[in-house]
Amino acid sequence: MTDPAASPPAAGAAPTPARLGALLEHPQLAAVAGALCIAFSGILVREAAVSPSTAAVFRCLYALPVLALLAWLEGRRYGPLEARTIRLSLLAGCFFAADLTFWAHSIGAVGAGLATVLGNLQVVVVGIAAWLLYGERPRRSILVALPVVIAGVVLIAGIVGAHPYGSAPLFGVITGLLTAVSYAGYLIVIRRGQRDLRRLAGPLFWATLATTVVAALAGIAVGDFDPTPRLPAHGWLIILALTAQVAGYLLINVSLPRLPSVVTSLLLLVQPVATVLLAMVLLGEDPSPFQLGGIGLVIGGLAIAVLPFGRLRASLTAGAG
């Protein structure tokens, strides 16, 4: 079956602006840039020191004005969003609310770096779901890379090896797995709804709006939502909103429709690797040697997945001849 991510834009669509077109020619770079933008998310959540639902609500609430302006500019240029896109974006936001809330719980249990890595077990969930639901058969290189990446994630998570880092590793793993499932749902749904590659802010605005509302309702239901966090928490959450929720996810939304789901997920593993290293330096988190070894496996898996080894080998062979 043809990969929907490789399909041309819908008939009658206006030409893609030159600057956006240049960015879309390198979706892997857009995914990596977006992942690096959100690599600081876990650290900023730790610094804000607020409850999980409070962090989820305010990182989205502060991003909404910027996203609303960008979405309005898109609407003036290209016309209103399709109702289908808005519906799927709202559904994706529900998944993202669960993702952010479970992830914040995991941060408290195993630290910012390892919680982020656990959440990115969505590689497995996205790959299986995209294959079963949409027939997106992964390339052979991705199938080879998956077990390497999974092994690295397991080691970084501290599931294997002595003296894993974290105050409550079991709870952290459980909430991390729930994060992975929720994030996989977000990635799949937002990708199916974003058929017009020119529109980046509009779908993200509706998804972020849904995340804000759902996270607030969930926080009120469980009793951990604080509607009036104090300084300096507001400052950290504003930084989180602008770097991760706006810049990071706009770049990720550029890449999602242009790449197979599993490739996108593998590229997004740049984020947890960077977060682990940043958390070690900035927060004093101390992963075990097994966890550090897992970082190397993840980087190796990424290389297997994205580097054109076949073409490189062919070029070398042709040069030798």
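**Ground rules.** I number residues from 1 along each chain as its sequence is written, and my side-chain values use heavy atoms, with hydrogens and water left out. Since I am reading a predicted model, local features need pLDDT of at least 70 and side-chain atom pairs count only at pLDDT 80 or more, while totals for chains, interfaces and linings use all residues.

**Cavities.** A cavity here is a set of points on a 1 Å grid over the protein atoms alone where a 1.4 Å probe fits but cannot get out. Points are joined across faces, edges and corners, and volume is the space filled by probe spheres set on them. The largest cavity comes to about 140 Å³.

Its lining (residues with an atom within 4 Å of a point) has 13 residues, and Asp99, Trp103, Tyr183, Tyr249 and Gln271 are the closest to the centre. Helix 6 (83–110), helix 7 (112–119) and helix 10 (169–193) each give two or more residues, and helix 6 gives the most, with 3. Helices are DSSP runs of H or I, at least four residues, numbered from the N terminus. By class I get 5 nonpolar, 6 polar and 2 charged; Ala, Val, Leu, Ile, Met, Phe, Trp, Tyr, Cys and Pro count as nonpolar, Asp, Glu, Lys and Arg as charged, and the others as polar.

**Helix pair.** Next I checked helix 2 (residues 27–37) against helix 14 (residues 270–282). Val32, Ala35 and Leu36 in helix 2 meet Val270, Gln271 and Ala274 in helix 14, with contact meaning heavy atoms within 4.5 Å. I count 5 nonpolar, 1 polar and no charged residues there.

Terms used: On a 1 Å grid over the protein atoms alone, a cavity is a set of points where a 1.4 Å probe fits but cannot get out, and a pocket is an open set with protein on both sides within 12 Å along at least five of seven lines; lining residues have an atom within 4 Å of a point. Axes are lines fitted to C-alpha atoms, for helices over the stretch in contact, and angles run from 0 to 180 degrees between N-to-C directions.
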